[in-house]
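Here's a quick briefing to read alongside the model. Have the sequence and the 3D view open as you go through the topics.

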Amino acid sequence: MSHGDAARPRAEEVQLNEIAKQVAAQYRNDTLSPSMVSGLLRIYEFLLIAASGFLVFYHYVGVPGPLTAYYFGAILCCASLSVALLEFARCYSVHSLFHPFRRIGLVAGLLALSFALLAVIGFFLKISDVFSRVWLAGWFAMSLISVGTSRIILSRLFQRWARNGRIERRAVIVGGGKNAETLIRALEEQPYNDIRICGMFDDRDDRRSPPLVAGYPKLGTVSELIEFARIAHIDLLIVAIPITAEERVLTMLKKLWVLPVDIRLSAHSTELTFRPRAYSYIGAVPMLDVMDKPINDWDSVAKRIFDIVFSLIGIILFSPIMVATAIAIKLDSKGPILFKQKRHGFNNEEIDVYKFRSMYTEMSDPTAKKAVTRNDPRVTRVGRIIRKTSIDELPQFFNALLGSLSLVGPRPHAVSAQTHNLLYNEVIDGYFARHRVKPGVTGWAQINGFRGEMDTNEKIRLRTEYDLFYIENWSLWFDLKILVLTPVRLLNTENAY
């Protein structure tokens with residue numbers, strides 16, 4: 001919410017204690033998402049079964065002929081059917097991947113069922129006499145051996161990753177005492193789960209919340225958790241506070257929602273019951289979903305591909321304009337062509353963002369403490385043109401290509417950007433929730449008129465609301481819509497100077 005125009009004390013930076021710093025340092029490196037790994041395994045086994053069919057076809061049937069299309073269609077159909085059946089039987093779960101021998105019979109049975117269904121389909125379509133029985137039997141045998149062998153080999157690899165902490169979900173418990181202990185014990189009793197508990201955070205003192213619960217240390221307060229989660233790569237926050245303590249739960253969630261993590265409310269020890277669909281589970285431990293990390297797992301892969309493809313297209317299309325701009329800047333004033341500025345990126349990390357230089361070198365303000373205003377004497381002649389037309393932003397296509405920015409997302413603000421001597425996060429509660437996703441070259445707020453100078457608290461509040469709407473409603477189609485509308489909306493240069 002907005003705090004109006006009244007000044008208030010500048011927020012102090014939260015400092016972690018030494019133990020929390022040491023623990024956070026252990027989890028700085030990214031992990032492999034279990035859902036991503038199992039997704040890649042689905043693709044791998046589809047290709048493995050299909051490749052087996054093609055190899056047997058070329059070895060036994062030989063040179064492609066008029067019936068080749070039937071064979072190829074059958075191969076793709078059966079490979080898809082096999083993966084679908086394995087998925088339905090939960091053969092891509094963490095349990096199955098780590099212990100393949102316990103389900104090898106089920107995997108073999110499902111492969112046999114998919115081949116039997118293929119034969120039945122061929123019979124009803126009256127094309128079964130087209131296919132060689134020897135080819136079908138050889139394909140099934142090769143698929144069974146290759147899938148079984150690869151699962152055994154991959155399980156060893158998964159077990160090694162689990163020991164090394166490469167494949168896991170890192171969790172933090174919010175809240176302490178008996179509720180936290182009950183939850184931790186329940187999680188540890190689950191025979192197969194991918195959760196690693198990294199510690200606990202609680203606002204209560206040691207008298208009400210012990211410093212050590214079930215062998216895990218209390219690392220600090222909830223405010224310190226926010227800083228901890230930005231250093232460590234935390235995936236999941238589990239709030240171990242009774243649902244009946246409504247006010248305390250809401251206070252916690254109000255602080256935590258700015259983080260790019262999954263947030264779950266433990267329902268393990270509550271007597272309140274909800275509809276079954278309201279729960280998600282870690283093993284058999286029930287959780288209430290409060291918030292999901294936005295643009296996660298395969299969505300992030302799709303968005304990254306989108307960024308790479310359209311960044312390359314943008315660089316190619318606008319390269320003549322960028323070359324002409326570079327020449328004009330060099331002829332107009334002394335100094336470098338590009339201007340580098342520190343801005344807030346994903347998870348509040350600082351990134352370097354590049355723009356064409358639009359100000360006199362000796363008057364440049366990398367900190368952006370003083371916003372550019374109308375007829376600002378610091379802006380060069382060429383700078384006025386490229387700022388109004390947003391040509392100065394074109395080098396950020398390279399930021400998007402290299403991954404520090406996305407093409408579409410909340411616009412990154414300079415780390416010291418201010419209005420009325422207040423940092424933006426001091427004006428708006430929850431401002432840093434904009435950083436739950438990677439910032440963008442363009443965004444939903446920009447095409448709705450919020451570009452250029454943010455000279456009032458109301459403008460900052462509205463821009464933040466548009467950014468949060470984008471995060472909550474993200475899709476590739478939404479990104480494409482914003483990208484298409486951007487050139488049209490840039491014709492409005494009212495606030496660009």
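This is a predicted model: local features need pLDDT of at least 70, side-chain atom pairs count only at pLDDT 80 or more; totals for chains, interfaces and linings use all residues.

Residues are numbered from 1 along each chain as its sequence is written, and side-chain values use heavy atoms, with hydrogens and water left out.

**Overall picture**

- The protein has 497 residues, and 47% of them count as buried.
- You'll find 16 helices and 14 strands; helices (H or I, at least four residues) and strands (E, at least two) are DSSP runs, numbered from the N terminus.
- Contact here means heavy atoms within 4.5 Å. Among contacts between residues at least 6 apart in sequence, 74% join residues at least 24 apart.
- Accessible areas come from the Shrake-Rupley method with a 1.4 Å probe, and for residues only the protein chains shown count as cover.

**Nonpolar cores**

- A nonpolar core is a set of buried Ala, Val, Leu, Ile, Met, Phe, Trp, Tyr and Cys residues joined through side-chain atoms within 4.5 Å.
- The largest one has 62 residues, and Phe-228 and Leu-237 touch the most other members. Helix 8 (residues 222–231) gives this core its largest share, 5 residues.
- Apart from that core lies another, of 32 residues, including Leu-48, Ala-50, Leu-111 and Trp-135.
- What does Leu-237 contact, leaving aside its neighbours within four places in sequence? Its partners are Val-172, Val-174, Leu-225, Leu-256, Leu-259, Val-261, Asp-262, Ile-263 and Arg-264.
- As background, nonpolar side chains tend to be buried together in soluble globular proteins.

- Ile-305, Val-309, Ile-313, Leu-317, Phe-318 and Ile-321 make a nonpolar surface patch of about 510 Å².
- Patches are made of residues with over 30% relative accessible area and no salt bridge; like charges are joined within 9 Å, and nonpolar side chains (Val, Leu, Ile, Met, Phe, Trp, Tyr) within 5 Å.
- Ile-305 sits in helix 10 (residues 298–332), and with 49% relative accessibility Ile-305 counts as partly exposed.

**Salt bridges**

- The structure holds 21 salt bridges, each being a side-chain nitrogen of Lys or Arg within 4 Å of a carboxyl oxygen of Asp or Glu.
- Lys-21 and Glu-18 form one of them (3.7 Å, N to O). Both lie in helix 1 (residues 18–26), 3 residues apart, or about one turn of the helix. Lys-21 is partly exposed at 35% relative accessibility, while Glu-18 is exposed at 52%.
- Arg-204 pairs with Asp-202 (3.0 Å, N to O), and Asp-202 is buried at 3% relative accessibility.
- Lys-355 meets Glu-393 (3.8 Å, N to O). Lys-355 lies in strand 10 (residues 350–356) and Glu-393 in the loop between helix 11 (381–388) and helix 12 (396–402), so the pair ties together parts that are 38 residues apart in sequence.
- Are Lys-355 and Glu-393 buried or exposed? Lys-355 is buried at 9% relative accessibility, and Glu-393 is buried at 17%.
- Lys-355 and Glu-393 also belong to a salt-bridge network with Asp-392 and Arg-411.

**Positive phi outside glycine**

- Lys-126 isn't a glycine, yet has a positive phi of about 60 degrees. Lys-126 is in the loop between helix 5 (104–124) and helix 6 (133–164) and is exposed, at 74% relative accessible area.
- Ile-295, also not a glycine, has a positive phi of about 50 degrees. Ile-295 is in the loop between strand 8 (285–291) and helix 10, and counts as buried at 16% relative accessibility.

**Cysteines**

- How many disulfides turn up in a search of the whole structure? The search finds 0, a disulfide being a pair of cysteine sulfur atoms within 2.5 Å.
- For Cys-77, the nearest cysteine sulfur is that of Cys-78, 7.0 Å away.
- Cys-77 is partly exposed at 36% relative accessible area, whereas Cys-91 is buried at 0%.

Notes
Buried means under 20% relative accessible area, exposed over 50%, partly exposed in between (1.4 Å probe, protein chains only).
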